[in-house]
Amino acid sequence: MFRFENPIFLYLLLVIPVLVAIRYWFDKKRARRIKKFGDPQLVNDMMEGVSKYRHKVKFWLLTAALALLIVMLARPQLGSHISREKRQGIEAIICMDISNSMLGTDVVPSRLAKSKLLVENMVDQFINDKVGLIVFAGDAFVQLPITSDYVSAKMFMHSISPSLIASQGTDIAAAINLAMLSFTPDEKAGKAIILITDGEDHEGKALEMAQAAKEKGIRVFILGVGTAKGSTIPTADGHYLTDNAGETVITRLNEKMCQEIAEAGSGTYIHVDNTSAAQERLDDEITKMQKGESETIIYSEYDEQFQAVGIIVLLLLIIEALLLERKNPLLANVRLFNRNKKADINS
């Protein structure tokens, strides 16, 4: 496995295009000055000893050397020893409601945005756990299979929006059913379905699915996002969602239904509002769950690879130092000799 020990230094590579742009500007400025002095071709003929391309080659050699020096600072490493490590953790499948009603603003900045933030904070607390992500509305699909790659989980979280699913509604049963099929076969690990929804437009059969999950040893936690007072649903054009009669739609949290599903799934119902109370309570419930043992492959030893890069840098600098901007006079004499020889033959 390849990695950089200090990847922060790679940001210094941004200076390379800046140097190229400056060099391009100077070349253009030099060309304009030569053009003012006289005909460019005539000026080049007058400066026969000056190479037209060598100064450019020297610049690119130095630029390449600088780029490789930055790579050396980042310390490239190659994994040399693989080991298997046993870790204890839980498996959590997060089912996130992305129906249009989740755009309601009774929870700041919106129900969906608050849900994303809550999940990101929860994932930040994970150490040896595994997490998966399912999105649902009128249908459900796996956004991220269960994994211990928390960086990918947070990355996929940012891309979630109601536009991912055309079929509107809140089919909680489909989400729970898909979540049950998404866990690993590991029987020791505690398993949890964390379902985040406002519970509106419920399609039915959610209680049956929650009970089925309970029978398999999977706990179903429900995070209800929104308020009983409700909220309008903003649209992309700056207006609010309306029904077929032209009336503005008000979306409200169906708290009773959420509580019933959590009870059927031997889990806990947590109300998500504008405070951090839901986050703290969810973290407490997750901490109480059974920790199962899983085996993870890791690279325990890494070999430094900067030596090879350093050799290439040294070679580039040597070539740059030996390459003169002026043409080699010996080669010029050879060309002049060949030119005179051709002239004698023609005469």
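Let's start with Glu-285, which is buried at 11% relative accessibility. Please keep in mind that we are looking at a predicted model here. Buried means under 20% relative accessible area, so Glu-285 falls on that side of the cut-off.

What does Glu-285 pair with? Its side chain meets that of Arg-219 in a salt bridge, at 3.9 Å from N to O. Glu-285 sits in helix H9, residues 277-288, while Arg-219 belongs to strand E7, residues 218-225, so this pair ties together parts that are 66 residues apart in sequence. Arg-219 is partly exposed, with a relative accessible area of 25%.

Now, a word on the background. Side chains of opposite charge can pair when their charged atoms come close. In this model, the count comes to 9 salt bridges. Let me walk you through some others.

Take Glu-320 and Lys-58, which form a salt bridge with their closest N and O atoms 2.8 Å apart.

Next come Arg-75 and Glu-304, whose side chains meet in a salt bridge at 2.3 Å, N to O. Arg-75 lies in the loop between H3 and strand E2 (76-89), and Glu-304 lies in strand E11 (residues 292-304), so the pair ties together parts 229 residues apart in sequence. Here Arg-75 is partly exposed, at 33%, and Glu-304 is partly exposed as well, at 23%.

There is also a network: Asp-106, Arg-111 and Asp-198 are joined into one by salt bridges that share partners.

Let's turn to the surface. Lys-28, Lys-29, Arg-32, Arg-33 and Lys-36 gather there in a patch of positive charge. One of them, Lys-28, has its place in helix H1, residues 15-37, and counts as partly exposed at 40% relative accessibility.

Last stop, helix H5, residues 150-158. Which of its residues are buried? They are Tyr-150, Ser-152, Ala-153 and Met-157. Seen down the axis of H5, these fall within an arc of 160°, so they line one face of the helix. The face turned away from that buried side carries Val-151, Met-155 and His-158, which are exposed.

How values were computed: Residues numbered from 1 in each chain as written. Predicted model: local features only at pLDDT ≥ 70, side-chain atom pairs only at ≥ 80, totals over all residues. Heavy atoms only, no water. Patch = residues over 30% accessible without salt bridge, like charges linked within 9 Å, V, L, I, M, F, W, Y side chains within 5 Å. Areas by Shrake-Rupley, 256 points an atom, 1.4 Å probe, with all protein chains shown as cover. Salt bridge = Lys/Arg side-chain N within 4 Å of Asp/Glu carboxyl O. Lys, Arg positive; Asp, Glu negative; His and termini not counted. Charge placed at Lys NZ, Arg CZ, Asp CG, Glu CD. Helix = DSSP H or I, 4+ residues; strand = E, 2+ residues; numbered from the N terminus. Buried < 20%, exposed > 50% of the residue type's maximum accessible area, 1.4 Å probe, protein only. Arc of directions from axis to C-beta.
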